[in-house]
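Happy to walk through this one with you.

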Amino acid sequence: MITTIDMERFNSALAPSAVMLENMNAKISVRDFDFSYGSAKVLHGIVLDIPDRQVTALIGPSGCGKSTFIRSINRMNDIIPNARAKGTISIDGRDIYSADTDVVSLRRRVGMVFQKSNPFPKSIYDNIAYGPRIGGMRNKRELNELVEKSLIRAALWDEVKDRLHESAFALSGGQQQRLCIARALAVDPEVLLMDEPASALDPIATTKIEELIWDLKVNYTIVIVTHNMQQAARVSDRTAFFMLGRLIEYADTKTIFMNPKEKMTEDYVTGRFG
Amino acid sequence: MSNARIRKIISAIAESLCGLAVLIALVPLVLILFYVVKHGFTSLNWAFFTQMPKPVGEVGGGMANAIVGTLILIAIAALFAVPFGCLCGIHLSEYPASKFSSIVRFAADVLNGVPSIVVGIFAYGLVVLPVRRFSAMAGGFALGVLMIPVVVRTTEELLRLVPPGLREGALALGATRSRAVFSVIVPAALPGILTGILVATARVAGETAPLLFTSFNNRYWTTNIAQPMASLTVQVYTYANSPYEDWIRQAWAGAFLLVIIILVLSIIARVSVRRLERMNRP
């Protein structure tokens, strides 16, 4: 079921890293995906399938391209001047880099949570209602219900239900991050991208986020970038190891951590470099 | 002498020089305020606010028309400069590196340094000459031109201080670029932008030169912006240069009132900023 590249092909710097899924429902299919900032190529021929309603972790040393990759899935990199993508990323079989893709509706289907929590300088309520409102929802009752539902899903409702109209900045760091998750859930995405969502949080807040990820995968396809090996092991079903802009190995999380095929993967997950 | 002793002496000298510099900077301010308050406050009376100027030679009367005139002129200036300046600042912060932006930025900085009398002449040529009549509109326009560069640069600088994460957050929720700017980025910078606008308003409220040949002066009551209009600054200028003791007394009162107007604008700026910032801070 798992295929990985051999090192000779990797070193030749030509062949794509090929990892596809069999017997599994791929939500996101990446084929020969290259990405460059100006003349600097940061992703080389990425090939992988991300399964529906599972958690896929992207790991690898700093600068390996995992963040660039996750930001390619909702075309967040479009805002960077001179950025260029080649190859395809398909969601439900439709290429999101095709000319007829509407980036705005793509981003409503593919939510994102950032490394640094970024609540808007508005009330807790208005933060959650932001996405639905720009989507055209005006009905007060519908909005109230949606805000409540999203906060419950993000396991934040009980902590904030009595102060929905206070500033979002009054929340603690971990609560702010869960608010950002709730805000992303409020537009009802299918895919949730998380770029190191817990890297700025203390262990207790991190545990809460991880439990939340575990709950959310029933309904959402989750892709998470993490620097924390234990976290990848705890929350993810599948893990992809990136290095120097290439996908080195992609398999069940258990396999990656217990029985990796590649020497490089083993060295990385056992902490020999990083 | 030991090293430590020398160091302490040098430190003491440096400290006293700094203190002296502060004193020198504060003395004119304190003196100005002292004289304005001393002469101005005692010259203020109810008639000053409610009555029109009396004919030459008669004692009494007030500056009701000039007070209202100044408010109207400031309003015209703000109505013209604020939308224009803010949109311009938004453009600069959204396209910071474009050639056009750097030209606009340079132009705004040059305009900021242009003497206000030159701006007055410009408004005279553009608004007064074609209709051959002084008007409040021309005066408001001149003040607005003076306000624009300040509003543009404050707006730009404050927008660029907004953390880029907010923009990404909005875009990731499916906001278009303009939506992200107007619903998240501008509101985040709004307290600071408002302060900038009020500071710019306070600055032009005290301008005399650009009004001398635009709104000119008017001894009669008018709220018609197509007519010449009195303003506190020009009235103070006229009265202070007169030989009549009562006019000089009223000039002091006018100067005092100007200081109060600027003070009130600054206080409004501070209070409104604090209120708006409550959403930005815990």
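Two strands count as paired if DSSP finds at least two bridges between them. The model is a predicted one, and the questions below begin with its confidence.

Q: What ipTM does the predictor give the complex?
A: Chain B averages a pLDDT of 91, with 98% of the residues scoring at least 70. For the complex, the predictor gives a pTM of 0.82. The ipTM is 0.86.

Q: In what order do the 6 strands of the open sheet in chain A lie?
A: The pairing in this sheet of chain A is mixed, and the twist averages 15° from one strand to the next. Its edge strands, each pairing on one side only, are strand 7 (110-113) and strand 11 (246-252) of chain A. The order is 7-8-9-4-10-11.

Q: How many bridges join strand 8 and strand 9 of chain A?
A: At least two bridges are needed for two strands to pair. Strand 8 and strand 9 of chain A pair in the parallel sense, and A:Leu193 has A:Val223 in strand 9 as its bridge partner. Together with helix 8 (residues 203-216) of chain A, these strands make a right-handed β-α-β unit. The number of bridges between strand 8 and strand 9 of chain A is 5.

Q: Which residue in strand 9 of chain A is the bridge partner of A:Leu58?
A: Strand 4 (residues 55-59) and strand 9 of chain A run parallel and are joined by 4 bridges. The bridge partner of A:Leu58 in strand 9 is A:Val225.

Q: Which residues of strand 9 of chain A point the other way from A:Thr221, A:Val223 and A:Val225?
A: In a regular strand, side chains alternate between the two faces of the sheet. In strand 9 (residues 221-225) of chain A, 5 of the 5 residues are buried, so both sides of the strand carry buried residues. Pointing the other way are A:Ile222 and A:Ile224.

Q: What angle does the direction of helix 7 of chain A make with that of strand 7 of chain A?
A: Strand 7 and strand 8 (residues 191-195) of chain A pair in the parallel sense over 4 bridges, and A:Val113 has A:Met194 in strand 8 as its bridge partner. Helix 7 of chain A packs on the sheet and touches both of these strands. Its direction makes with that of strand 7 an angle of about 170°.

Q: Why is helix 4 of chain A largely enclosed, and which helices are included in what covers its buried residues?
A: Helix 4 (residues 124-134) of chain A is largely enclosed by the rest of the structure because 8 of its 11 residues are buried. Among them are A:Ile124, A:Asp126 and A:Tyr130. The cover includes, in chain A, helix 5 (140-153), helix 6 (157-160) and helix 7 (173-185).

Q: Which helix of chain B gives the most to the side that touches chain A?
A: In this complex, 19 residues of chain B are in contact with 25 residues of chain A. Helix 7 (164-172) and helix 8 (177-205) of chain B each supply at least two residues of that side. By class, the side has 10 nonpolar, 5 polar and 4 charged residues. The greatest contribution, 6 residues, comes from helix 7 of chain B.

Q: Is B:Asp246 buried or partly exposed?
A: B:Asp246 lies in helix 11 (residues 245-277) of chain B, a chain with 11 helices and 0 strands. A residue needs 20 or more C-beta neighbours within 10 Å to be buried, and 12 or fewer to be exposed. B:Asp246 has 16, so its class is partly exposed.

Key. Residues are numbered from 1 along each chain as its sequence is written. Chains are lettered from A and ligands numbered from 1 in the order in which they are written. This is a predicted model: local features need pLDDT of at least 70, side-chain atom pairs count only at pLDDT 80 or more; totals for chains, interfaces and linings use all residues. Two residues are in contact if their C-beta atoms, placed from the backbone, lie within 7 Å. Ala, Val, Leu, Ile, Met, Phe, Trp, Tyr, Cys and Pro count as nonpolar, Asp, Glu, Lys and Arg as charged, and the others, Gly among them, as polar. Axes are lines fitted to C-alpha atoms, for helices over the stretch in contact, and angles run from 0 to 180 degrees between N-to-C directions. A crossover is right-handed if, with the strands pointing away from the viewer, the path from the first strand over the helix to the second runs clockwise. pLDDT is the predictor's confidence in each residue, from 0 to 100.
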